[in-house]
Structure formats: structure tokens, C-alpha cells
Amino acid sequence: MAKAEAIKAEVAALSSEISKTDAAKVTAAHSNFDALTDLQETWVESESVKALTGAENTIKTNQEKADEAAREI
């Protein structure tokens, strides 16, 4: 259960405005979540999983926008 609490704390520590500088933290949290067993994953609250997924999506979207802007230059 301690590992699940650690994941929850990692996600809670992310800023509400996800930026490129948060990418490493989000990637680390995702890697740590993936390292959990199936049982341990059930101990991570769904809000934390949703927040992590949302942060990953924000980073992906921001990177896509940056790539598009770079192509237009």
C-alpha cells in the first residue's frame, strides 16, 4: 500500500498547470505506476489515475502544438 500512496503523492505534487518542465515528473509517475502489481494498482485512487492520464495528455498536446509551430517557422 505504501507504493500506491507514493504514486498518489507524486501525482498530487504535479502543478495544476502542466508544462514541458513537468514532463519528467509525469513520466516518472507513470513508470512507477506501471511498476505496481495489478493488486497494488487497485489501491491507487481513480482520481490520481485520472490526474496522471490528464497530465500525460496535456504534455502530449503541448508537444504536438510546439512541433506544429516549429514546422511553420
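Modeller: On one side of H1, Ala 2 and Ala 12 are exposed, exposed being over 50% relative accessible area, buried under 20% and partly exposed in between, with a 1.4 Å probe and protein chains only. Please keep in mind that this is a predicted model, in which local features need pLDDT of at least 70 and side-chain atom pairs count only at pLDDT 80 or more, while totals for chains, interfaces and linings use all residues. Residues are numbered from 1 along each chain as its sequence is written, and side-chain values use heavy atoms, with hydrogens and water left out.

Biologist: Which residues of H1 are buried?

Modeller: In helix H1, which covers residues 2-12, the buried ones are Ala 4, Ile 7 and Val 11. Seen down the axis of H1, these buried residues fall within an arc of 55°, so they line one face of the helix; the arc is that of the directions from the helix axis to the C-beta atoms.

Biologist: And what covers them?

Modeller: The cover includes helix H2 (23-34), helix H3 (38-42) and helix H4 (46-72), where helices are DSSP runs of H or I with at least four residues, strands are runs of E with at least two, and both are numbered from the N terminus.

Biologist: How do H2 and H4 cross?

Modeller: Their axes come within 10 Å and cross at roughly 135°, the axes being lines fitted to C-alpha atoms over the stretch in contact, with angles from 0 to 180 degrees between N-to-C directions. That makes H2 oblique to H4, because angles under 35 degrees count as roughly parallel, over 145 as roughly antiparallel, 65 to 115 as roughly perpendicular and the rest as oblique.

Biologist: Which residues make that contact?

Modeller: From H2 they are Ala 23, Val 26, Ala 29, His 30 and Phe 33, and from H4 they are Val 49, Leu 52, Ala 55, Glu 56 and Ile 59, contact meaning heavy atoms within 4.5 Å.

Biologist: Changing topic, is Ser 48 buried or exposed?

Modeller: Ser 48, which is found in helix H4, has 8% relative accessibility and therefore counts as buried. Leaving aside neighbours within four places in sequence, Ser 48 is in contact with Lys 8 and Val 11.

Biologist: How many helices and strands does the chain have?

Modeller: The protein chain has 4 helices and 0 strands, and its C-alpha trace spans about 50 × 20 × 15 Å along its principal axes. Of its 73 residues, 22% count as buried.
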